[in-house]
Amino acid sequence: MSRAGLALGVMALLVAGLWALREAPAPAPAADDTSGIERYAFLEGLPLDEGGYALLLHDQVTGDGLRVVRDAAALKAAQGQAYYTDNPGAQLKRTLLSVLFLSPPGMPPDGAFVTVLQDKQAVETYRCYRAFCAGNEAFDPPHERDMAGLVEASEPVELVTESFDHHDTARARMFKLMQDADAVMIEPPNLPAPGTIVFPKRVRLSLPAILLEADESGHQPVEPFDEAALEARFVAGFTHAFPETDAYRLNPMRIGRQYPSLQGWPVVGEGIDGYLRDADGALRGLGGIIVIEPTLTVDLTERMVEALQAEDAFADMPAFAPPEPPFVADRLAEMAEAHLGRPCPDCFKIELDVAMVDGIRVDTLDAPSFSLSHYRIVPQ
């Protein structure tokens, strides 16, 4: 199927989905709600008598930033009364329409409404369709809420983020925050296991770009690409070239992807002024190629940084990336012969917006650090 046919097919599916939403009968409503709108009693069923509970009120509730309810009596009094309504059906229709008319929303259509906290950790966040809950647009029935005095009982909070040189220091700070009455929510920190070595330096390795043949959609490789196998081959080759594994730690590999435009990847080379174009001046690129960009960071000693930045540092590393698809060279050779009027297999290349095509690039980064974020009561 051509890309145009695929686009038309997607649009047809979207239209059919919208028509179904418009014509299909509403789902069976709850006994106490004949609208089909969802109703959330966010405190219902919580064992508040056990203690340790709080409620974070988001901007959709307060209209003026985050606030928290710590008062156990206020929470208990509101438990059988506080609720709000949401309209997920209207949200779905709006999202489908935005996709259909190629104007996807710049931010999620729904946003956090309230977050239930227990022992300074988020237990559950309730969300609401922004346009519906704001009350600025006409919906039938309209948005309803009863916060049952919770806003009046709330206190303003602010986000505080701290940075530490060692994860054990961050962990000790987290323990202190658990005892701090003004710290109301601690975001789960991304800390390594206790005892993990902290190296003084960090670098980023940009590995050579990998070319994969794409299928007709342009977004899937013809042959499956095994990311885990690529990482395993790289790790084996790196540790072979640098056997002093106590001097560094390889962090997980990240895989970036670039997909071809309708014109394909730009072609440059002999006899071309800028990029290769057809007789009408339109860009004539090479399509059918997905570009894979592998990168990873390495925590290491100062001596290892020098070793990685030395000339031919990676000369002893075995090959770890799959070979370039044969059709790339064949197609470029055909394009060169057609343009130059003579065979010239190596005259044309594709231009890629990547960090590395050959070899491994080493960039020095800031030293490793560990962050810890928490929400605390704003001092009055």
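Let's start with helix α7. It has 15 residues and spans 21 Å from first C-alpha to last, close to the 21 Å expected at 1.5 Å a residue. That expected span is 1.5 Å times one less than the number of residues. Helices here are DSSP runs of H or I, at least four residues, and strands are E runs of at least two, numbered from the N terminus.

A word on the source. This is a predicted model, with local features needing pLDDT of at least 70 and side-chain atom pairs pLDDT 80 or more, while totals for chains, interfaces and linings use all residues. Residues count from 1 along each chain, and side-chain values use heavy atoms, without hydrogens or water.

Which residues of α7 are buried? Leu-230, Phe-234, Gly-237, Phe-238 and Ala-241. Buried means under 20% relative accessible area, exposed over 50%, partly exposed in between (1.4 Å probe, protein chains only). They sit on the same side of α7, because they cover an arc of only 100 degrees around the axis. The arc is taken from the directions from the helix axis to the C-beta atoms. The face turned away carries exposed Ala-228 and His-240.

What covers the buried side? The cover includes β10, β11, β12, β13, β15 and α8.

Now the core. The largest nonpolar core has 29 residues; Leu-205, Phe-234, Phe-238, Leu-308 and Phe-314 have the most contacts inside it. Such a core is a set of buried Ala, Val, Leu, Ile, Met, Phe, Trp, Tyr and Cys residues joined through side-chain atoms within 4.5 Å. β15 gives the largest share, five residues.

Definitions and conventions. Contact means heavy atoms within 4.5 Å.
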